[in-house]
Amino acid sequence: MLDKDCIFCKILRKEIPSEIVFEDEDLLGFKDANPQAPVHELFIPRIHIETINDVDREGAGLLGRLFVAAVERAKAVGLSEEGYRLVLNCGRGAGQTVFHIHLHLLGGRPLSWPPG
Ligand code: AMP
Ligand code: ZN
């Protein structure tokens with residue numbers, strides 16, 4: 001279920017430190033180490049899934065909970081009125097650098113669109 005070389009699996013195993021903001025039995029949320037906005041957090045499943053291409057209908061519930069966890073966190077830190085962005089990059093061409101699915105929560109500053 002976990003990958004020995006994956007940096008996010010290492011965070012799940014507590015082999016490397018992280019600033020945890022959310023935890024439940026299936027998901028972990030933690031602060032991004034290189035924040036692109038005042039609020040920049042990552043929400044990941046506790047199982048190693050490389051990209052969203054690897055998710056089928058059976059995984060829809062887990063993905064839904066991932067989004068709801070990020071939305072609840074956005075509300076908890078007061079971003080629901082001003083707005084925030086949820087981003088899930090798929091593949092190198094889209095900027096994915098860690099191949100363990102993660103949903104970015106970004107907010108706390110104006111976010112331009114399109115992202116470029
Ligand atoms: P992506 O480009 O969508 O794959 O995003 C990967 C994100 O993981 C980047 O925003 C990195 O700053 C972040 N990141 C990489 N290593 C760590 C780490 N050890 N702890 C927290 N965030 C990390
Ligand atoms: Zn992993």
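The following legends describe close-up views of a predicted protein model. Local features are given only where pLDDT is at least 70, and side-chain atom pairs count only at pLDDT 80 or more, whereas totals for chains, interfaces and linings use all residues. Residues are numbered from 1 along each chain as its sequence is written, and side-chain values use heavy atoms, with hydrogens and water left out.

**Figure 1. The whole protein chain and its elements.** The protein chain contains two helices and five strands, arranged along the sequence as α-β-β-β-α-β-β. Helices (H or I, at least four residues) and strands (E, at least two) are DSSP runs, numbered from the N terminus. The radius of gyration is 14 Å, close to the 13 Å that the globule rule gives for 116 residues, so the chain is as compact as a globular protein of that length. This radius is taken over C-alpha atoms, and the globule rule is 2.2 Å times the number of residues to the power 0.38. Along the principal axes, the C-alpha atoms fill a box of roughly 40 × 30 × 25 Å.

**Figure 2. The open sheet.** Five strands form this sheet in the order E1-E2-E3-E5-E4, with antiparallel pairing. Strand E1 (20-23) and strand E4 (84-87) stand at the edges with a single partner strand each, so one side of each is left without a neighbour in the sheet. From one strand to the next, the twist averages 20°. Two strands pair if DSSP finds at least two bridges between them.

**Figure 3. Strands E2 and E3.** Strand E2 (residues 27-31) and strand E3 (residues 39-45) run antiparallel and are joined by five bridges. Within this pair, Phe30 stands opposite Leu42 in E3.

**Figure 4. Helix H2 across the sheet.** Helix H2 (residues 60-76) lies across E1, E2, E3, E4 and strand E5 (103-107). The helix runs at about 155° to E3. Axes are lines fitted to C-alpha atoms, for helices over the stretch in contact (heavy atoms within 4.5 Å), and angles run from 0 to 180 degrees between N-to-C directions.

**Figure 5. Cys6 and Cys90.** Cys6 counts as buried, at 7% relative accessibility, whereas Cys90 counts as partly exposed, at 27%. Buried means under 20% relative accessible area, exposed over 50%, and partly exposed in between (1.4 Å probe, protein chains only). The sulfur of Cys90 is 15 Å from the closest cysteine sulfur, in Cys6, which is too far for a bond. A search of the whole structure finds zero disulfides, a disulfide being a pair of cysteine sulfur atoms within 2.5 Å.

Notes: Chains are lettered from A and ligands numbered from 1 in the order in which they are written.
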